[in-house]
Amino acid sequence: MWHPVFQESDLAPGKILCTDIGGKKILITQSGNELFSCGAICPHQGVSMEAGWVFDDEITCPEHSWVFSLKDGALTWPGSGPRIPIYP
């Protein structure tokens, strides 16, 4: 099910917006020309990634610098570990 949350014009490369949908905190961002949505909470220690950094289709948690792929949610640094949920 699709939920309107922001206008596309609200986003710019690297900008992070958050919203709550069905009790889940969802992060929406743009990297290059692509839009991504994922869970906004880092699975490492439950920190919001709203103040994180987006670069090359990845998001970095602002607390401990864990890096996740915005394409599939995989942890890309520091090695293997928990994923973040990805939403269409």
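This is a predicted model: local features need pLDDT of at least 70, side-chain atom pairs count only at pLDDT 80 or more; totals for chains, interfaces and linings use all residues.
Residues are numbered from 1 along each chain as its sequence is written, and side-chain values use heavy atoms, with hydrogens and water left out.

We start with the strands, which are DSSP runs of E with at least two residues, numbered from the N terminus. Two strands are said to pair if DSSP finds at least two bridges between them.

β1 and β2 run antiparallel and are joined by six bridges, with Thr 19 opposite Ile 26 in β2. These two strands form a hairpin with two residues between them, and Gly 22 in the turn has a positive phi of about 55°. β2 and β3 also run antiparallel, joined by six bridges, and here Thr 29 stands opposite Phe 36 in β3. They form a hairpin with two residues between them, where Gly 32 in the turn has a positive phi of about 65°. Strand β3 (residues 34–39) pairs with β8 in the antiparallel sense over two bridges; Cys 38 has Ile 86 in β8 as its bridge partner.

How enclosed is β2 by the rest of the structure? A residue is buried when its relative accessible area is under 20%, exposed when over 50%, and partly exposed in between (1.4 Å probe, protein chains only). Six of the eight residues of β2 are buried, so the strand is largely enclosed by the rest of the structure.

Ser 31 lies in strand β2 (residues 24–31). It has 7% relative accessibility and therefore counts as buried. Contact means heavy atoms within 4.5 Å. Not counting residues up to four places away in sequence, Ser 31 touches Phe 36, Val 54, Phe 55, Asp 56 and Asp 57. The side chain of Ser 31 reaches the backbone nitrogen of Asp 57 at 2.9 Å. Ser 31 and Leu 70 are 39 residues apart along the chain, and their C-alpha atoms are separated by 8.8 Å.

A further open sheet of four strands has the order β4-β5-β6-β7, with antiparallel pairing. β4 (53–55) and β7 (75–77) stand at its edges with a single partner strand each, so one side of each is left without a neighbour in the sheet. Within this sheet, strand β5 (residues 58–60) and strand β6 (residues 67–69) run antiparallel and are joined by three bridges. Thr 60 stands opposite Val 67 in β6.

The last topic is the nonpolar core, a set of buried Ala, Val, Leu, Ile, Met, Phe, Trp, Tyr and Cys residues joined through side-chain atoms within 4.5 Å. The largest one has 16 residues, and those with the most contacts inside it are Leu 27, Met 49, Ile 59, Phe 68, Leu 70 and Ile 84. The elements that give two or more residues to this core are β1 and β3. Leaving aside neighbours within four places in sequence, the contacts of Leu 70 include Thr 29, Phe 36, Cys 38, Val 54, Ile 59 and Ile 86. In soluble globular proteins, nonpolar side chains tend to be buried together.

Terms used
A polar contact is a pair of N or O atoms within 3.5 Å; within protein, one must be able to donate a hydrogen and the other to accept it, and residues adjacent in sequence count only if both atoms are side-chain atoms.
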